[in-house]
Amino acid sequence: VRTCTAGTHYKYSHEEIVEMVGEACRVVEGSLRGPPPSPPRSISHGMWMSQLTDIWLVHALQRHQNLTDKDVVVFGSTSPWYESIALCLGARTVTVVEYNLLTYSHPSIVTTLLSNLTLLPQFDVALSLSSFDHDGLGRYGDPLDANGDLKAMDTTAKVLKDDGVLFLTVPIGR
């Protein structure tokens with residue numbers, strides 16, 4: 001598990017993001033066939049669950065929300081993977097809200113710190129994948145706050161349009 005400290009700066013070049021969008025498009029195309037019945041022996045359970053999350057997200061977005069020409073906000077990101085999926089599915093813009101400094105060099109991706117969120121327009125779609133469940137724990141540069149997850153969800157409600165949709169993942173135990 002990667003622990004981040006306040007002030008971590010994540011950087012991705014335009015070329016890296018274009019490559020990531022291409023890979024995301026391959027995942028989108030593959031997800032049309034559905035998830036494989038069982039994990040390949042060559043990958044760990046954690047990697048398998050990550051791949052399933054990608055497939056389930058693509059299915060959910062395709063079934064419940066057309067992203068074509070939509071403005072999307074992603075909460076919590078240290079890699080522009082879900083941003084790449086949104087772009088592959090036709091999002092007009094993707095805004096990333098993070099506690100840490102991000103440099104994602106792509107004309108359709110805007111990055112901002114949480115403290116600037118009130119300056120932004122409202123969004124059609126919000127994505128929070130394994131993000132809100134970490135808010136308030138201090139592991140990713142965020143302040144310790146017992147109600148951090150609830151505050152994050154309240155913030156999301158404020159930046160979503162009235163007919164906006166939130167796609168949210170939360171951990172499940174065994």
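Me: What does partly exposed mean here?
Reply: Buried means under 20% relative accessible area, exposed means over 50%, and partly exposed lies in between. The model is a predicted one.

Me: Why is Cys88 called partly exposed?
Reply: Cys88 has 21% relative accessibility. Buried needs a value under 20%, and exposed needs one over 50%. Cys88 therefore counts as partly exposed.

Me: Why does Cys25 get the label partly exposed?
Reply: The value for Cys25 is 23% relative accessibility. That falls between the cut-offs of 20% and 50%. So Cys25 counts as partly exposed.

Me: What makes Cys25 and Cys88 a disulfide?
Reply: Their sulfur atoms are 2.2 Å apart. The cut-off is within 2.5 Å, so the pair qualifies. The count comes to one disulfide.

Me: Which parts does the pair of Cys25 and Cys88 tie together?
Reply: Cys25 sits in helix 1 (residues 14-31), and Cys88 sits in helix 3 (residues 81-88). The pair therefore ties together parts that are 63 residues apart in sequence.

Me: Why is the disulfide of Cys25 and Cys88 given a handedness, and which one?
Reply: The torsion about its S-S bond is about 135°, so the disulfide is right-handed.

Me: What makes Tyr12 and Tyr104 an aromatic pair, and of which kind?
Reply: Their rings are 5.6 Å apart, centre to centre. Pairing needs centres within 6.5 Å. The planes stand at 80°. Over 60 degrees counts as edge-to-face, so Tyr12 and Tyr104 form an edge-to-face pair. Tyr12 belongs to strand 1 (residues 9-12) and Tyr104 to strand 4 (residues 101-104), so the pair ties together parts 92 residues apart in sequence.

Me: Is Tyr104 buried or exposed?
Reply: Tyr104 has 5% relative accessibility. Buried means under 20%. So Tyr104 counts as buried.

Me: How do you know that the side chains of Asp71 and Arg92 make a polar contact?
Reply: The contact distance is 3.1 Å. The cut-off for N or O atoms is within 3.5 Å. Asp71 lies in strand 2 (residues 71-75). At 16% relative accessibility, Asp71 counts as buried. Asp71 also touches other residues, including Phe123 and Val125.

Technical notes:
Residues are numbered from 1 along each chain as its sequence is written. This is a predicted model: local features need pLDDT of at least 70, side-chain atom pairs count only at pLDDT 80 or more; totals for chains, interfaces and linings use all residues. Side-chain values use heavy atoms; hydrogens and water are left out. Helices (H or I, at least four residues) and strands (E, at least two) are DSSP runs, numbered from the N terminus. Buried means under 20% relative accessible area, exposed over 50%, partly exposed in between (1.4 Å probe, protein chains only). A polar contact is a pair of N or O atoms within 3.5 Å; within protein, one must be able to donate a hydrogen and the other to accept it, and residues adjacent in sequence count only if both atoms are side-chain atoms. Contact means heavy atoms within 4.5 Å. Rings of Phe, Tyr and Trp (its six-membered ring) pair if their centres lie within 6.5 Å; planes under 30 degrees apart count as stacked, over 60 as edge-to-face and the rest as tilted. Lists of a residue's contacts leave out its neighbours within four places in sequence.
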